[in-house]
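I opened this notebook to record what I looked up, entry by entry. The sequence and the structure come first.

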Amino acid sequence: MERTWINWKIGGPAGFGIKSVGAMFARAMLRLGQYVFAYDEYPSLIRGGHNTYEITVSPQPIYTTRRPVSILVCLDQMTFDEHHQELAENAIVIINDSQVTAPVAQLPSKATVHVIPMDQLVEENGGEKVMRNVVALGASIAVLGVEFGPLNDIIEFNFGNKGKEVDLNVRLAKAGYDYIKSHMSQPSPFLVKTQKNPNRLFMTGNEAIAWGAIKAGCKLYAAYPMTPATSILHNLALQARNYQMVVKHCEDEISAVNVAVGAGYAGLRAMTGTSGGGFSLMSETYGMAGMMEVPVVMVNAIRPGPSTGMPTWTGQGDLRFVLHSSQDEFPRFVLAPGSIEQCFEMTQTAFDLAERYQTPVVILTDKQLAECNIWVDKLDLKPRTLDRGLIYDAGDVEKHKPYKRYALDVEHGISPRTLPGTPGGEHIQNSDEHTEEGFSEEGSEMRVRQMDKRYKKIDAAARLLPDPELEGDAHADLTFVSWGSTRGAILEAMEDLRAAGMKVNFLQILYISPLPVKKIREVFTKAKKIAIVEGNKTGQLAGWIREQTGLASDYKILKYDGRPFFPHEIVQSVKDMK
């Protein structure tokens, strides 16, 4: 089947409902059985600035935002000025006549412009000027040749029981819809057909992590809001009462991580979340959890840095930081999901690993995965067995006297832990190097034995964790290797490269630490050419792989401008390879 897609983009000033109307457009497309991927850009401002929201719509599964833009909706002049270069040759431009002029000379030769008196239609129907976005939404649905019904349903769903608001928004959307229907002089090149609607979900990565934590039995989430991790806090706060959770908005990140580590020590499944700057503040406690062998899950949703950097944009520059953060060395698990389903599943895995190996586990995402809304067929909601690890109750302690919290003669470096209040399980717990009983100890022999014990965990996990799968052609001309949110753009680029006659495959690294060294060596040895794709300046995964395996890729495809990879950029990079 030939791959088809439409990219719809709306832009305007902050406060004009760009994201909310975009979400309604996307949900209307989902209702028609289409696959959607929604991506937004907004400046790092508390208020104001230029916002855009774009949605790639396809009858086939779609994994990231596509370019060029098929339909551009301009609520203000800046949207046209900033984005007309992104238009497809046969693009449609919808403009508000009182706010925008679209010089023909700046448009592609086959582009069509629909000039709509949005402010006039808003006034005639009793709305406020800010509601011109709803008129534009109705016009967009008409351009796609879609019946008004699905949009009507979405508006009713969106505004719930607000009767007057529902009627007003339906009226405004219908005004925009009818205006296009009565003034469109030629057929639209972009038509959307109804497909079977399997009631797909529409989720962000942060929502998937939040629900993964709930399913994993997380009972405490502590965080200080920091873009792009903030909505994990919001989503869990909404569900706290339903799932008997404590969700705490702390005064800063240092407090948040200490609350989470304290809860983990007490036996709760606990998590905290932040971005790079917040993770910097958490780094000392990150190491303390490693030394004290306390299970805790930490989410680092990456945004470009260093320092404050670009708070509302995306990147993958924190990989090395998370691998080396905090003093000295300790076993650390770093997981990197690349899809909504993986965010959901790997968050559950993170809790199991944290408790099984009694150590902090970090989930790495970025703004692209954390905040984009993406279609999901379904999530596995079946009950699961939690792996709480080696926890001694009073009977176990009695059977294995004397109890030693940091016993050295143990399998895989995992000493049994007791939870506070366990009779006979009393022990010393501090952040110093320690004896088997937990007393501070600075002798060289005990230091080496405790370090070696802790590191046995990472060796054991490396043998037990599943290897990544190689997706795509068995005998590929080129093998992509990557991690995290780049997955979507790579899958889309692979489709384009295959259409051009090239054989390609893809190795997605889900576990950054411990790294699946054996599988990587196997893939690197067999591949004709390797290209590592990353959203950072220096190729941090490429360096980590070389450090761990001694193997280097043939090419690096890197991007670090704060924007996600678009498939055509990867395709062009492949064409430019020598």
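I call a residue buried under 20% relative accessible area, exposed over 50% and partly exposed in between, with a 1.4 Å probe and protein chains only. The model is predicted: local features need pLDDT of at least 70, side-chain atom pairs count only at pLDDT 80 or more, and totals for chains, interfaces and linings use all residues. Residues are numbered from 1 along each chain as its sequence is written, and side-chain values use heavy atoms, with hydrogens and water left out.

Entry one, a serine. I found serine 70 in strand β4, residues 69-74 (strands are DSSP runs of E, at least two residues, and helices runs of H or I, at least four, numbered from the N terminus). Serine 70 has a relative accessible area of 4%, so I noted it as buried. Not counting residues up to four places away in sequence, serine 70 touches Trp5, Ile6, Asn7, Ala91, Ile92 and Phe190 (contact means heavy atoms within 4.5 Å).

Entry two, a sheet. I traced seven strands in an open sheet with mixed pairing, ordered β9-β8-β10-β11-β13-β12-β18 (two strands pair if DSSP finds at least two bridges between them). Which strands stand at the edges? They are β9 (246-249) and β18 (511-513); each has a single partner strand, so one side of each is left without a neighbour in the sheet.

Strands β11 (residues 296-302) and β13 (residues 360-366) run parallel and are joined by seven bridges. I saw valine 299 opposite isoleucine 363 in β13.
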